[in-house]
Amino acid sequence: DGASALHRVLHIQPDIILLDIMMPHMDGFEVCRRLKSDPDTRDIPVMFITAVGSVEDKVKGFELGAVDYFVKSDISINDLVAKCQQHLGS
């Protein structure tokens, strides 16, 4: 869930975050908003990977600070790995 994700991010400080929109108690949009508003986590790249694929949702994800947005049914593991490497500067 979103609250657990926020707690773990503060302790782990991951290099990149793959985030779904549909989660219990707090959706991924709110998690992203909180991550980007915190000086300790704002620079961690966030990529949405979700079943929600409307144009409005994609725009909202980018407006909140996501570096990429993928619909689960449209992305291959090779594309995902390549995009992660791109956003990590590898």
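Visitor: Why does Gln13 count as partly exposed?

Guide: The relative accessibility of Gln13 is 38%, and partly exposed is the class between buried (under 20% relative accessible area) and exposed (over 50%), computed with a 1.4 Å probe on protein chains only, so Gln13 belongs in that class. This is a predicted model, in which local features need pLDDT of at least 70 and side-chain atom pairs count only at pLDDT 80 or more, while totals for chains, interfaces and linings use all residues. Residues are numbered from 1 along each chain as its sequence is written, and side-chain values use heavy atoms, with hydrogens and water left out.

Visitor: Why is His25 called exposed?

Guide: With a relative accessible area of 79%, His25 lies above the cut-off, and therefore it is exposed. His25 is in the loop between E1 and helix H2 (28-37), and its phi is also positive, near 75°.

Visitor: Why is Asp68 called buried, then?

Guide: Asp68 has a relative accessible area of 10%, which falls under the limit, so the word buried applies.

Visitor: What makes the link between the side chains of Asp68 and His87 a polar contact?

Guide: The two side chains are joined at 2.7 Å, and a polar contact is a pair of N or O atoms within 3.5 Å, one able to donate a hydrogen and the other to accept it, so the pair qualifies.

Visitor: How do you know that strand E2 and E3 pair?

Guide: Pairing requires that DSSP finds at least two bridges between two strands, and E2 (residues 46-50) and E3 have four, in the parallel sense. Met47 stands opposite Asp68 in E3. From E2 the chain crosses through helix H3 (residues 55-63) to E3 in a right-handed β-α-β crossover, meaning that, with the strands pointing away from the viewer, the path from the first strand over the helix to the second runs clockwise.

Key. Helices (H or I, at least four residues) and strands (E, at least two) are DSSP runs, numbered from the N terminus.
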